[in-house]
Amino acid sequence: MSEPVFPPLLVGHPVQGGQDPFQRAQAMAALGCDAGTVVYNIQADRLRVAIVFAPEVPLQDAMAMLPLCAVGFQNALGALAPPEVAVHLDWDGPICVNGAKCGMFQVAASSTAPEEEPDWLIVGWELALLQTSDAPGENPDITALYDEGCAEVSPTQMVESWSRHMLTWLNRWQEDGNAPLHAEWMGLLRGVGEPFDTGVFLGADERFGMLIRDGAETTLRPLTDLLEN
């Protein structure tokens with residue numbers, strides 16, 4: 001399988017076997033690798049990717065890279081998949097294809113202090129290509145890309161397309177701020193207006209935090225809650 005070709009500003013770093021790109025990217029970032037490093041692992045049954053950012057804004061603002069990468073993913077898969085394939089996102093990371101979970105986003109940073117500028121921030125994502133369970137039809141809430149009519153989408157194409165769409169959104173975010181990204185992301189989020197925990201998921205604030213209405217009270221769950229250690 002050919003390796004992905006990345007646009008300028010991005011540098012690919014493949015890992016093999018069971019190595020986790022998300023963990024490798026964190027280790028590389030801690031050692032001072034360049035921003036724009038994309039670590040990826042292409043296997044027969046799944047695709048895993050992580051990108052290193054070096055934010056020049058406080059963490060609470062840099063967290064926009066999570067929805068930015070997610071919107072880039074949806075745009076990329078939407079461009080490659082047949083038109084009847086629906087791709088949506090959950091606020092806390094899951095990727096859904098035709099209504100079933102098909103992957104996951106995750107995020108980590110060098111600091112968890114919202115008002116501090118982190119040294120690095122990593123966004124990773126994983127996409128199931130093939131289901132490996134003995135009876136995949138037993139859990140209709142979980143799927144894989146090739147089960148949803150996307151067998152012609154190669155993982156190499158997916159990585160390349162995602163990197164281009166992600167950079168397009170990064171440039172737009174740098175020029176126009178959160179508003180265009182917020183509008184696009186809200187159109188892709190599942191569960192808005194539906195019950196969540198003890199309340200109702202109202203949507204997201206200007207920093208993409210989850211707004212939950214419980215009776216007369218509205219609480220905010222910031223994106224920084226999703227940071228992994």
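User: What makes a residue of this structure buried or exposed?

Analyst: Buried means under 20% relative accessible area, exposed over 50%, and partly exposed in between, with a 1.4 Å probe and protein chains only. The model is predicted, so local features need pLDDT of at least 70 and side-chain atom pairs count only at pLDDT 80 or more, while totals for chains, interfaces and linings use all residues. Residues are numbered from 1 along each chain as its sequence is written, and side-chain values use heavy atoms, leaving out hydrogens and water.

User: Why does Trp-185 count as buried?

Analyst: Trp-185 has 3% relative accessibility, and the limit is under 20%; Trp-185 therefore counts as buried. Phe-208, at 1%, also counts as buried. Phe-73 and Trp-125 are buried as well.

User: Why is the pair of Phe-73 and Trp-125 called edge-to-face?

Analyst: Rings of Phe, Tyr and Trp (its six-membered ring) pair if their centres lie within 6.5 Å; planes under 30 degrees apart count as stacked, over 60 as edge-to-face and the rest as tilted. The centres of Phe-73 and Trp-125 are 5.0 Å apart and the planes stand at 70 degrees, so the pair is edge-to-face.

User: Why are α4 and α5 called oblique to each other?

Analyst: The axes of α4 (residues 155-176) and α5 (residues 178-186) cross at roughly 130 degrees. Angles under 35 degrees count as roughly parallel, over 145 as roughly antiparallel, 65 to 115 as roughly perpendicular and the rest as oblique; α4 and α5 are therefore oblique.

Conventions. Axes fitted to C-alpha atoms, helices over the stretch in contact; angles between N-to-C directions. Helix = DSSP H or I, 4+ residues; strand = E, 2+ residues; numbered from the N terminus.
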